[in-house]
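Student: I am new to this structure. Please take me through one part of it slowly, and then show me what surrounds that part.

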Amino acid sequence: DYVLNGPAVRNEQSRLATLNERTDTLLATASEGVAVSRNLIAQSEALVNEANQRIADTRAAIAAFQVNPARNNYAAARDAFLEALALREDPALRENSDELIRAVGAELQELENVIVVRRVRELITAAEELYGQDEYVAARDTLLTAQETWEQTNVEPNTEVDRLLRLVTAALSLEEGRVLTATDPLYPVLGNYLSIAREDFNQGVRLYEAGSTDRAN
């Protein structure tokens, strides 16, 4: 009885009990950690699925020339990929998602540029019609809008818009009776147009004198 219940035995029993408690705690902590990891992985996979669906929606919107839905879905896809990687770092997922985001971003940019080009063409046509009707102020404002629209997706200036702006500005200068000096930036442009106008006027006079009224007009 002394041996079985002696201090040495009781100390060993206490030590074993403490070890058992620690083991149980570690097992519980490990189980909790596994559960948390599984939950994070599940959330990450759900976000990846959402991102891939948003990419598909983006490309569908691009195919339908719907810029705003394409932009919104693209932004949502990018955010979902980033959130998924924040929850679970995966080198393969990071590489694939980065490449996908770059590719779809380029497709979206191309769509935006196509739409900008179309809009600028419409504005140029409208400005030309206004210019032909001597509506120079409206033509200038329309061309300025075209210039701003063009710059949304292009770095290089639109030469056609710039040319028409010079023409309209010269017409406004004439209409306002402005006096230009040789150092004025418009001087060579306006001088060229005045030379052409003078030649046309003189040719018209000659045709009138020759009896070719329709051609003279």
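Which backbone oxygen does the side chain of S97 reach?

Tutor: A caution before the answer: this is a predicted model. The side chain of S97 reaches the backbone oxygen of R94, at 3.1 Å. S97 itself is found in helix 3, which covers residues 91-132. The relative accessible area of S97 is 3%; because buried means under 20%, S97 counts as buried. Set aside the neighbours within four places in sequence, and S97 is in contact with F81 and L85.

Helix 3 is part of what covers the buried residues of helix 5. Helix 4 (136-150) and helix 6 are also included in that cover. V161, L164, L165, L167 and V168 are among the buried residues of helix 5. A170, A171, L172 and S173 are buried there as well.

Look at how helix 5 begins. At its start, a side-chain oxygen of N158 comes to within 3.0 Å of the backbone nitrogen of E160. Next, check the length. Helix 5 has 17 residues, so at 1.5 Å a residue it should span 24 Å. The end C-alpha atoms of helix 5 are 24 Å apart, which agrees.

Helix 6 comes next. Two packed helices are described by the angle between their axes and the distance between the axes. For helix 5 and helix 6, the angle is about 75° and the axes are 10 Å apart. The two helices are therefore roughly perpendicular to each other, since angles of 65 to 115 degrees count that way. Helix 5 brings R166, L167, A170 and L174 to the contact. Helix 6 brings V189, L190, Y193 and L194. By class, this contact has seven nonpolar residues, one charged and no polar ones.

Helix 6 runs over residues 187-209, so its 23 residues should span 33 Å at 1.5 Å a residue. The end C-alpha atoms of helix 6 are 33 Å apart, in agreement. After helix 6 comes G211, with a positive phi near 85°.

Terms used. Residues numbered from 1 in each chain as written. Predicted model: local features only at pLDDT ≥ 70, side-chain atom pairs only at ≥ 80, totals over all residues. Heavy atoms only, no water. Helix = DSSP H or I, 4+ residues; strand = E, 2+ residues; numbered from the N terminus. Expected span 1.5 Å × (residues − 1). Buried < 20%, exposed > 50% of the residue type's maximum accessible area, 1.4 Å probe, protein only. Polar contact = N/O pair within 3.5 Å; in protein donor to acceptor, adjacent residues only side chain to side chain. Contact = heavy atoms within 4.5 Å. Axes fitted to C-alpha atoms, helices over the stretch in contact; angles between N-to-C directions. Parallel < 35°, antiparallel > 145°, perpendicular 65-115°, else oblique. Nonpolar A, V, L, I, M, F, W, Y, C, P; charged D, E, K, R; others polar.
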